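The exercises below are to be worked with the sequence and the coordinates at hand. Each task is followed by a solution in steps.

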Amino acid sequence: MTGWDDLASTALVGTDRRPYPGDLLEAAAVESVRRRAGTRTPDEPPQPSAPGESRVPDDTDAGRAFGPGRAVLEERGVVGRRAAERLRRILGGEHERLLPEWLAAAAATGRIVPPYVLPDLLERGRRDRSMRVHLGVLAGQRGRWLAGLNPGWDYLLEEPTGETWELGGAADRRAHLTALRAACPAQARELLESTWERESPDDRAGFVEVLAEGLSMDDEPFLEEALDDRRREVRQAAANLLTRLPESRMSRRMAERLRACVTITGGVIAVQAPTACDKEMERDGVRQKPPRGTGERAWWLQQIIARAPLSVWEHPPARLLAMKIPDWDVEVKGAWVRAAVLQRDPEWARAMFGWDPIADLLVALPPAEQQELAARFVAEHDLDSQLIMVLGGVSSHWGEGLAAAVLRKIVKVNTTQPWNLAELVKLAGEHIDPDLHELAEDFSPAEPVQKVAALLRFRADMYKELHR
């Protein structure tokens, strides 16, 4: 009789008639996960693998990991039954785009998911990299055990689990550095400096990006040295951060290059694009080879403008946009957009959004202003792909002002183009603050609005369940 048959037999006749050593339900849950993960009990014959298919290790491997007959011990509690059931519904296809939000909210509670959802969750993570960030924590020890048994799930072993800087893997160490950077920027930088020479090129690039939090001129000497790193991604990451420090040596060098290219006389901006890209420019983040369809000189000019301090222009962006640029007009303005994004300059972001309303510019603005700008855009523009992209760049959860603007747009479009509403309805239901579900319910009886209200109610219940 197999281990599974033994568990099933005991469950059928009851533990009074057939005593079972240990927790029957716990053992059954673990065995269920094992079997769904493709493992077998010791007395089951191994299943032949298809050509080119990896074999999942058998119970001998599991025994070495945890010992014969031992269950996986978890240090943290499991999310509640209702929360787990909602996760199963989402995994089954009900509002499946909410899965990342459910995972993020669940991870914030410090609990893990129940064993019986692990196979489906890990398999989904294999196909969708975007949802992996919280799985290292939510899957717990059982998830990591399963990841060790199934090569298709071994990505989980690279995700954060809560380990320390000294003992954790790359993801754990980045999470630790991120938390430390938020609490004490100087201490985080000093910790990174102490191990920098021993870090792999991939890790160095990721660690440099962490310094964006709490960035200051205290970080400038370290980032200036990183411009000499062997790995291009490290140099680019360092250059991007130095671009946000107008007093940095790199920014001053870029300012000099810009002054050599641009002259402003009256209401005219005269531009002479660079004719070469030297080694010093490349060190400062200017990439020599342009993307397909872009000329070399235009490419170098755009990068210089994007990385030079915006203060070098000595005029407010609204005035500059009104000036005449006889040559390289589109290139200059496109570079201003990139500069506003890279340098996180709110004044420039507002001005350039009026010229080219792209979602990336919203990152430079605080969430409340993002929503205010987006609400005006929704009111003034027809429903098209650009409106959807703008809304997709606004931080969740949307407050009452933006929510009302979007709901009004839904009501209006429903009378003329109801077939064109699907994506806007989903976006509204996924990003409006779920506590505003009653606002949506009362806003209009129109079916698309009620769909938004139902999705908001679904999310509101989801958060309540996770905090019980």
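Contact means heavy atoms within 4.5 Å. The model is a predicted one.

**Exercise 1. Glutamate 430**

Task: Decide whether glutamate 430 is buried or exposed, and list what glutamate 430 touches beyond four places away in sequence.

Solution. Step 1: locate the residue; glutamate 430 belongs to helix α23, which covers residues 422-431. Step 2: apply the cut-off, by which buried means under 20% relative accessible area. Glutamate 430 has 13% relative accessibility and therefore counts as buried. Step 3: collect the contacts, leaving out residues up to four places away in sequence; they are Arg97, Leu98, Glu101, Leu455 and Arg459.

**Exercise 2. Arginine 124**

Task: Find which backbone oxygen lies 2.8 Å from a polar side-chain atom of arginine 124, and classify the burial of arginine 124.

Solution. Step 1: arginine 124 sits in helix α6, residues 118-127. Step 2: its relative accessibility is 15%, so arginine 124 counts as buried. Step 3: with residues up to four places away in sequence set aside, arginine 124 touches Leu91, Glu96, Leu99 and Met131.

**Exercise 3. Helices α13 and α16**

Task: Compare the end-to-end span of α13 with the expected value, do likewise for α16, and state what packs on the buried residues of α13 and of α16.

Solution. Step 1: α13 runs over residues 232-243, which makes 12 residues. From first to last C-alpha α13 reaches 16 Å, close to the 16 Å expected at 1.5 Å a residue. Step 2: α16 also has 12 residues, which should span 16 Å at 1.5 Å a residue. The end C-alpha atoms of α16 are 17 Å apart, which agrees.

Step 1: list the buried residues. In α13 they are Val234, Gln236, Ala237, Ala238, Ala239, Leu241, Leu242 and Thr243. In α16 they are Ala298, Trp300, Leu301, Gln303, Ile304, Ile305, Ala306 and Arg307. Step 4: name the cover. For α13, the cover includes α11, α12, α14, α16 and α18. For α16, the buried residues pack against α13, α14, β2, α15 and α18.

**Exercise 4. The contact of α22 with α25**

Task: Describe the geometry of the packing of α22 on α25 and the make-up of the contact.

Solution. Step 1: the helices are α22, residues 400-414, and α25, residues 447-466. They pack at an angle of about 145°, and their axes are 8 Å apart. Step 2: α22 contributes Leu407, Ile410, Val411 and Asn414, while α25 contributes Pro448, Val449 and Val452. Step 3: sorting these residues gives 6 nonpolar, 1 polar and no charged.

**Exercise 5. Two exposed residues**

Solution. Step 1: exposed means over 50% relative accessible area. Step 3: arginine 230 touches Arg204 and Arg235, residues up to four places away in sequence not being counted.

**Exercise 6. Backbone exceptions**

Task: Which peptide bond at histidine 397 is cis, and what is phi at histidine 95 and at arginine 344?

Solution. Step 1: recall that most residues other than glycine have a negative phi, and most peptide bonds are trans. Step 2: the cis bond runs from serine 396 to histidine 397, with omega near -5°. Histidine 397 is in the loop between α21 and α22. Step 3: phi is positive at histidine 95, near 50°, and at arginine 344, near 55°. Step 4: histidine 95 lies in the loop between α4 and α5, and arginine 344 in the loop between α18 and α19. Histidine 95, at 35% relative accessibility, counts as partly exposed, as does arginine 344 at 41%.

Terms used
Residues numbered from 1 in each chain as written. Predicted model: local features only at pLDDT ≥ 70, side-chain atom pairs only at ≥ 80, totals over all residues. Heavy atoms only, no water. Axes fitted to C-alpha atoms, helices over the stretch in contact; angles between N-to-C directions. Helix = DSSP H or I, 4+ residues; strand = E, 2+ residues; numbered from the N terminus. Nonpolar A, V, L, I, M, F, W, Y, C, P; charged D, E, K, R; others polar. Buried < 20%, exposed > 50% of the residue type's maximum accessible area, 1.4 Å probe, protein only. Polar contact = N/O pair within 3.5 Å; in protein donor to acceptor, adjacent residues only side chain to side chain. Expected span 1.5 Å × (residues − 1).
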